[in-house]
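Here is a friendly briefing to read alongside the coordinates.

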Amino acid sequence: MPKVPVQFTLNGEEKAEFVDSGATLLKALRDKIGDHSPKGGCHQGTCGACSVLVDGELKLSCLVLAETCQGASVTTAAGLAENGVLHPLQRAFIDGFAAQCGFCTPGMLMAAKSLLDRVPNPTRDDVVEAISGNICRCTGYEPIIQAVLTAARANSQNAA
Amino acid sequence: MGIALQSFATVAEAERALSASGAQYLGGGTLVLRALNEGDVAVEHLVRVTDAAITDIAIDGGRARIGAGVTMTAVARHTGLEAIASAARAVGGPAIRNMATVGGNLFAAAPYGDFAVALLALDATVETGGADRPIEAFLADRAAGKSSPIVTSVSFALPPPGSFRFRKVSRVKPKGVSVLSIAAVIETAEDGRVLAARIALGCMAPRPMRAKAAEAALAGQPMTEQGVAAAVAAVAEGIDPITDAIASAWYRAEVLPVHLRRLLLE
Ligand SMILES: Cc1cc2nc3c(=O)[nH]c(=O)nc-3n(C[C@H](O)[C@H](O)[C@H](O)COP(=O)(O)OP(=O)(O)OC[C@H]3O[C@@H](n4cnc5c(N)ncnc54)[C@H](O)[C@@H]3O)c2cc1C
Ligand code: FES
Ligand code: FES
């Protein structure tokens with residue numbers, strides 16, 4: 001299999017790897033770099049478990065060619081905690097029992113982060129829309145929606 | 001065997017690379033990568049264009065020109081395109097909208113192509129090789145299985161305020177694949193009667209189609225229950241809906257008039 005070089009920033013760290021030509025970002029992250037936080041659920045764009053941020057935009061890493069991320073800044077759920085302190089979204093997910101099996105959780109977190117980055121004080125409808133591309137088979141979504149709203153409130157209190 | 005990605009600074013160079021066997025154009029990749037993940041072995045090279053012009057949006061003299069590489073998110077957020085933002089927002093979830101391009105939507109087979117339905121109602125033109133062609137001719141070529149040169153942009157007259165209507169019907173809330181989608185541009189005179197109507201349907205054929213019988217039946221009518229009745233009765237003329245896991249052709253045909261009526265009376 002021919003290899004191609006790809007270089008990007010992952011959660012603030014420079015990465016340079018040779019990946020199989022035609023490999024998806026999901027494959028590069030999981031099988032090459034060893035960041036297992038994005039999950040491969042469907043590889044069809046339908047489940048959202050592989051969601052990551054590329055240059056701040058929510059993308060499905062199963063549908064992105066690793067090569068097209070040359071020079072980009074990639075953020076995954078593994079990069080959310082800072083200095084051992086969980087991100088407010090992660091805290092709210094734990095406190096609100098918003099994860100059961102946890103398979104959807106990294107994708108949900110990234111979809112939620114993408115929302116809060118643009119809309120710090122979202123409405124419930126904003127949250128429902130923001131996670132509409134992410135499937136959860138366990139929680140029934142309600143605890144996830146509540147956790148995102150809780151994290152948004154915690155954020156805006158910190159900012160005040 | 002790997003898939004080679006070839007990036008070109010100009011459309012002309014990319015066009016040449018596409019003439020090789022096994023080459024496919026890569027837009028946002030939502031359908032191309034999905035097919036590769038499912039084991040599409042026909043593709044050997046993916047060809048993309050890095051020219052920034054392909055992601056431009058220009059609004060000038062009441063016309064909009066949208067580069068083929070513009071994403072649904074960029075359309076939905078552009079202040080000059082508010083009139084048609086509803087159609088861009090109807091495509092997929094947020095991550096898909098950050099990837100899905102206007103150009104790719106023109107090639108998406110039903111049940112996809114919701115934005116192309118809007119472009120058809122807007123009577124857009126599709127630019128290939130520096131020339132603008134009516135979208136109807138473009139879609140007819142697609143229907144005939146002709147391979148298309150690279151689409152560089154679409155353009156259309158911005159619809160007068162309040163004249164553009166769009167509805168996507170899906171079974172999964174808040175977002176899901178289309179049972180059907182309808183876009184309409186309806187211009188009315190001062191007395192409320194319809195001067196001109198263009199109605200486009202999604203999922204009623206493998207690609208977006210105009211509901212010309214319904215358009216004709218609407219002309220000169222007031223937008224009332226009685227006024228729209230003839231158009232609603234005529235909308236199924238010439239349709240050949242798709243059957244998929246979401247809905248059968250029969251179901252789609254049954255609910256089409258209901259949703260057209262609601263769209264017209266909303
Ligand atoms: C989970 C999921 C949900 C989706 N939901 C919707 C939805 O709700 N509504 C909807 O309409 N679609 C939906 N889609 C389909 C798809 O995302 C969109 O139709 C999108 O606009 C396709 O654009 P793209 O840039 O990703 O296309 P690509 O995958 O890059 O390309 C698709 C096809 O078009 C060709 N092509 C692309 N751009 C050009 C160009 N400029 N010139 C010539 N050929 C070109 C490619 O060669 C390929 O054959 C969904 C897809 C997924 C995976
Ligand atoms: S694995 Fe990417 S959306 Fe399911
Ligand atoms: S927690 Fe199991 S899929 Fe969401």
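**Briefing on chain A**

Chain A is divided into domain 1 (3–79) and domain 2 (88–159), with bounds that come from an automatic or database domain assignment. This is a predicted model, where local features need pLDDT of at least 70 and side-chain atom pairs count only at pLDDT 80 or more, while totals for chains, interfaces and linings use all residues. Residues are numbered from 1 along each chain as its sequence is written, chains are lettered from A and ligands numbered from 1 in the order in which they are written, and side-chain values use heavy atoms, leaving out hydrogens and water.

- Taken over C-alpha atoms, the centres of domain 1 of chain A and domain 2 of chain A are separated by 21 Å.
- Domain 1 of chain A brings 15 residues to the contact and domain 2 of chain A brings 12 residues, where contact means heavy atoms within 4.5 Å.
- About 1100 Å² is buried between domain 1 and domain 2 of chain A, and carbon and sulfur atoms give 67% of that area; buried area is the accessible area (1.4 Å probe) that two parts lose on being put together, summed over both.
- On the side of domain 1 of chain A that touches domain 2 of chain A, the largest share, three residues, comes from E3(A).

- In chain A, five strands make an open sheet of mixed pairing, in the order E2-E1-E5-E3-E4; strands (E, at least two residues) and helices (H or I, at least four) are DSSP runs, numbered from the N terminus.
- Strand E2 (13–20) and strand E4 (57–60) of chain A are the edge strands, each pairing on one side only, and two strands pair if DSSP finds at least two bridges between them.
- Strand E3 (residues 51–54) of chain A pairs with E4(A) in the antiparallel sense over four bridges, and A:Val52 has A:Lys59 in E4(A) as its bridge partner.

**Helix on the sheet**

- Helix H1 (residues 25–33) of chain A packs on the sheet and touches strand E1 (3–10), E2, E3 and E5 of chain A.

**A loop residue**

- A:Ala78 sits in the loop between strand E5 (73–75) and helix H2 (88–95) of chain A.
- Beyond its neighbours within four places in sequence, A:Ala78 is in contact with A:Asn11, A:Asp35 and A:Ser37.
- A:Ala78 and A:Asn11 are 67 residues apart along the chain, and their C-alpha atoms are separated by 7.7 Å.

Terms used: Axes are lines fitted to C-alpha atoms, for helices over the stretch in contact, and angles run from 0 to 180 degrees between N-to-C directions.
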